[in-house]
Amino acid sequence: KLKISGYVQAQWLLNDKDHVTVNEPTNSFFIRRARIKFTYQALDGVKFVLQPDFSTGNLSIKDAYAVVNLPKLKDVTLWAGQFNRTNYEVEYSSSQREVLERSKVIRAIYPGEREVGVKLEYKGSTVPLKVQLMAMNGNFTGAQPIDYDSKKDLMGRLVYSIKLPSSGIGIDLGPNFYYGGTGIKYNTFVSDENGKIDSTSYKAGDYLPKQWLGGEIQIFADFLGGTALKGEYIQGTNSLTSSTNQDSKSSITARRADPAKMRHFSGYYLYLIKNIGLK
């Protein structure tokens, strides 16, 4: 009932001498990632997962959640705890992905990859459809034990699978969304993407928008050992609270120097993957 897995990424870092300060090392060994994952199948339809990360100078919990199949709804599961946000590249296992890091747009809008919350997931056994709906704290900097505002953020994702057995092609595609906000507590200074600071449009208690829409597609083909083309496009508005948001005694100068940030953005990734041989 207990499955244990994990991996280690040991790394050697080499810096150009012109880009390090005096007496700083130009090279170093360190542990980039070191994870061990425990998956316990307590009962049929009840699973617990715990995954700590032992990277150099850091001990953190990556995953800590429970998954339960809802009674009389064999295709629906309820997730609770800290787990991956509902996005294809975020959920794509580190043991399977072809490059060390996920794309920059995904790392920018889903930092830390995980969140604390609950999720309903439907995987059709007769209909090739996957639906995910997640409610979470929505802390931009990654998973935190306590939310910094009262509103919860929502994520949703729908994926439909098309299979063409005669041609050896499978296609997964669908939309996704993020709907949330960043609460303003004390610091009403807000910076836009042009660096312009506004202190009159918002007041304490307002929420800056954190909302975007996206679309994804993955195409798999049985061609000379296997080929895949994967892509996603996302567009919307992101926002980040300031560090002085939590301090009502901060001076106007300090609050202006560290405003909340609101950015309109668009981004995408595209992968072309070719397997060499059947394995």
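Predicted model: local features only at pLDDT ≥ 70, side-chain atom pairs only at ≥ 80, totals over all residues.

1. A search of the whole structure finds 16 salt bridges, and a few of them are worth a look.

2. Start with Glu113 and Arg102, whose closest N and O atoms are 2.8 Å apart in a salt bridge. Glu113 sits in the loop between helix 2 (104-109) and strand 6 (114-123), and Arg102 in the loop between helix 1 (88-91) and helix 2, so the pair ties together parts that are 11 residues apart in sequence. Glu113 is buried at 14% relative accessible area, and Arg102 is buried at 5%.

3. Next comes the salt bridge between Arg157 and Glu216, with closest N and O atoms 2.7 Å apart. This pair links distant parts of the chain, with Arg157 in strand 8 (residues 153-164) and Glu216 in strand 12 (residues 207-221), 59 residues apart. Arg157 is buried at 6% relative accessible area; Glu216 is buried as well, at 4%.

4. Salt bridges that share partners join Arg157 and Glu216 with Glu91, Lys119, Glu121, Lys123 and Lys130 into one network. Within that list, Glu121 and Lys119 form a salt bridge at 3.2 Å between the closest N and O atoms. Glu121 counts as buried at 6%, and Lys119 is buried at 2%.

5. Finally, have a look at Tyr233 in strand 13 (residues 227-240). Tyr233 is partly exposed, at 40% relative accessible area. Its side chain makes a polar contact of 3.3 Å with that of Gln235. Beyond its sequence neighbours within four places, Tyr233 is in contact with residues including Leu213, Ser266 and Tyr268.

How values were computed
Residues numbered from 1 in each chain as written. Heavy atoms only, no water. Helix = DSSP H or I, 4+ residues; strand = E, 2+ residues; numbered from the N terminus. Buried < 20%, exposed > 50% of the residue type's maximum accessible area, 1.4 Å probe, protein only. Contact = heavy atoms within 4.5 Å. Polar contact = N/O pair within 3.5 Å; in protein donor to acceptor, adjacent residues only side chain to side chain. Salt bridge = Lys/Arg side-chain N within 4 Å of Asp/Glu carboxyl O.
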